[in-house]
Amino acid sequence: LTNPVSWLMDRMIPWRGDPGASEQALKAELVCGVSGLFGLMGGAFALLMSFDTMANPSLALVCGVSAAVHATNLVLIRRREAVAAACLAVSIEMVVLMGITAGLMHGYRSYDSGWILCAPMLAIFLLGVRKGALCSALLAVQPLVFWYLEAAELFIPSGTTAAASAVGVIVSNCALLLLVLGVGAIYERAHAGRRSFLAGTIAKLEQAHRGLATAHQQLIASEKLSSLGLLAAGVAHEINNPMAFITSNVSALNRDFEKLGGDQELHREYGEEVLPATLDGIRRVNAIVGDLRRFAQGDPETFIEYDLNHEIEAAMRMAHGKVSERRATLQVDLGRLPPIRGLPRQIMQVVMNLVVNAAHASPAGAVIRIATWSSEDEVAIKVQDSGTGMSPATIARLFEPFFTTKPIGEGTGLGLAVVHGIVAAHSGRIEVESSPGVGSVFTVWLPVAAQCLAAPSHPLTHGVSAFH
Amino acid sequence: LRYAPVMKTLLVVDDEVEIAKALRRLLRSDFKVELAHSGSEALTRLEQGPVDLVLSDFRMPGMNGAEFLSVVQERWPSIRRVMLSGFTDFTPLLSTSGEPRVCEFLRKPWDDADLVAVLIRQLNATSPATDPSPRP
């Protein structure tokens, strides 16, 4: 059964591969069984009515076998192969039954095509509503044509032998079956084409939707950073000017304080406590304002050509204290890089901030991997830790100034904001991959021939993803 | 006046009076410091007598620091030109080819020791600067 069955299935069963196939198969087999039962009843009726001919016992026998086959299928049905088996069985029944009827009853008569009543149901179940209706219409033409031919005495004229009539009917029914199969196959092919077109369109739409959703999120994130950048720039500028003379004046006061006279006790208190503490506070404010400015714009300086690996080695020396504090190890894999353009000191700060962050996130004794490599017109710096990792909520706010997960007093939340500002000013991009408990990977991509931007495009493109 | 015979003259240009005064307070022990609060005021002062170095802000009402220093470069090329600014895009100044309009940039808030060191270095440089290397 296997080969013809799969051949038939390929051409006749439109729901092949569908999850709901077994239910449809059950329905199809039900139709086959009912049609067989009708055949059996018809045979029995004919047997009772015309006991004297040999035709009716044979007809009854064939109908009985057919009914038994369908009943067995109904009981045993587990797989869609049963549908194909039933299709095959019914098709053979039709051909053989009509042949036998025609042969043994001395000529085909159009009203013997009563089986065609079952055909629409069968065709609709097997081929779907529209295809089934078309096939039924084609089948319905047969008795009409035959009826006309009989009336005109052209088809099976009186005097034709029983064998010749049988052959004629079998051949015409075979042709009709082939026609049904052919139409089914054509319909199926057209339908499959449309279905795959629809599936392709849906897949494309889904992909576009995902792309838009990601772009939308990135847009919101960069819009946020952009407006924060403007705010930071404004604040930095407004604070900077007064801080300039406050710093200078307090330094001058601290320097010249010894020369002032007055109350000795008060003099000592101011000279040893008030002024040094004030200067320390001023230094902290200036450091934060400087970071804000670097987040907002990067520092306005000329781009020069430099060796990135050299800056990374310098950054590692600078971060050494923080790294050894966590008893972490740096594993370095520096690739061959072309000289690139930019601000080496700022890039060094980028690497240092990333390494210090990695060290903070790492458990004692962990390894922090630093690698560089170059592609056609970009160089990449990767800093990877196996530390605590970040939640998607943290990743979303990563580059915002003053966003920190460290306890109050341990970090200003400006480290990655500065990284963002500097990389943006270099027309670069940052990729972040992180997963809680697994660790984080920051990859910074810098163009080899970066141009100093008149107004750094603050919406830096940064791809953020999480691996799980 | 410890070095009275060789004391160089600086002209500080800044529209923020307190900044100009703070600079004078810082520099008066080593240099002869004069103040101007706009580009045009500074040009008037330059016409009146020799100055060795101008230290100018960038963002000022009227003539900005870059425009002012261009005029200085054109009319008094031997005067050293240093810009001191808080928040500015210097790119247009740096990208000009040929002799730089500005010999050195400094950022506000400045470090007192750095500022003095830069001014001394600029005043000791005999030929017009050709190296616009950025200061950290």
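Author: The helices α10(A) and α12(A) cross in a left-handed manner.

Reader: What makes a crossing of this kind left-handed?

Author: A crossing takes that name if the near helix is turned anticlockwise from the far one by less than a right angle, and right-handed if clockwise. The crossing of α10(A) and α12(A) meets the anticlockwise case and is therefore left-handed. The two axes come within 9 Å and cross at roughly 145°; axes are lines fitted to C-alpha atoms, for helices over the stretch in contact, and angles run from 0 to 180 degrees between N-to-C directions.

Reader: On what kind of model do these values rest?

Author: The model is predicted: local features need pLDDT of at least 70, side-chain atom pairs count only at pLDDT 80 or more, totals for chains, interfaces and linings use all residues, and side-chain values use heavy atoms, without hydrogens and water. Residues are numbered from 1 along each chain as its sequence is written, while chains are lettered from A and ligands numbered from 1 in the order in which they are written.

Reader: How do you know that α12(A) is largely enclosed by the rest of the structure?

Author: Of the 11 residues of α12(A), 10 are buried, so the helix is largely enclosed. Buried means under 20% relative accessible area, exposed over 50%, and partly exposed in between (1.4 Å probe, protein chains only). The buried residues of α12(A) include L416(A), V418(A), V419(A), H420(A), I422(A) and V423(A). Just after α12(A), S427(A) takes a positive phi of about 60°.

Reader: What makes the pair α9(A) and α10(A) oblique?

Author: Helix α9 (residues 308-325) of chain A packs against helix α10 (residues 344-361) of chain A at an angle of about 40°, the axes lying 8 Å apart. That value makes α9(A) oblique to α10(A), because angles under 35 degrees count as roughly parallel, over 145 as roughly antiparallel, 65 to 115 as roughly perpendicular and the rest as oblique. The crossing of α9(A) with α10(A) is right-handed.

Reader: Which residues bring α9(A) and α10(A) into contact, and how do their classes divide?

Author: Contact means heavy atoms within 4.5 Å. Among the residues that meet are I312(A), A315(A), M318(A) and V323(A) in α9(A), and I347(A), V351(A), V355(A) and H360(A) in α10(A). By class, this contact has 15 nonpolar, one polar and three charged residues. Ala, Val, Leu, Ile, Met, Phe, Trp, Tyr, Cys and Pro count as nonpolar, Asp, Glu, Lys and Arg as charged, and the others, Gly among them, as polar.

Reader: Why is R327(A) called exposed, and why is F402(A) called partly exposed?

Author: R327(A) has 62% relative accessibility and so counts as exposed. F402(A), at 47%, counts as partly exposed. R327(A) is placed in the loop between α9 and β2 (329-334) of chain A, and F402(A) in the loop between α11 (392-397) and α12 (415-425) of chain A. Phi is near 50° in R327(A), a positive value in a residue other than glycine; in F402(A), phi is near 70°, also positive and also in a residue other than glycine.

Reader: How is R59(B) classed, exposed, partly exposed or buried?

Author: With a relative accessible area of 45%, R59(B) is partly exposed. R59(B) is found in the loop between β3 (53-56) and α3 (65-75) of chain B.

Reader: What joins K108(B) and P109(B)?

Author: A cis peptide bond, with omega about -5°, joins K108(B) and P109(B). P109(B) is found in the loop between β5 (104-107) and α5 (112-124) of chain B.

Reader: How many helices and strands are counted in chain A and in chain B?

Author: Chain A has 12 helices and eight strands; chain B has five helices and five strands, in the order β-α-β-α-β-α-β-α-β-α from the N terminus. Helices (H or I, at least four residues) and strands (E, at least two) are DSSP runs, numbered from the N terminus. Buried residues form 43% of the 468 residues of chain A and 53% of the 136 residues in chain B.
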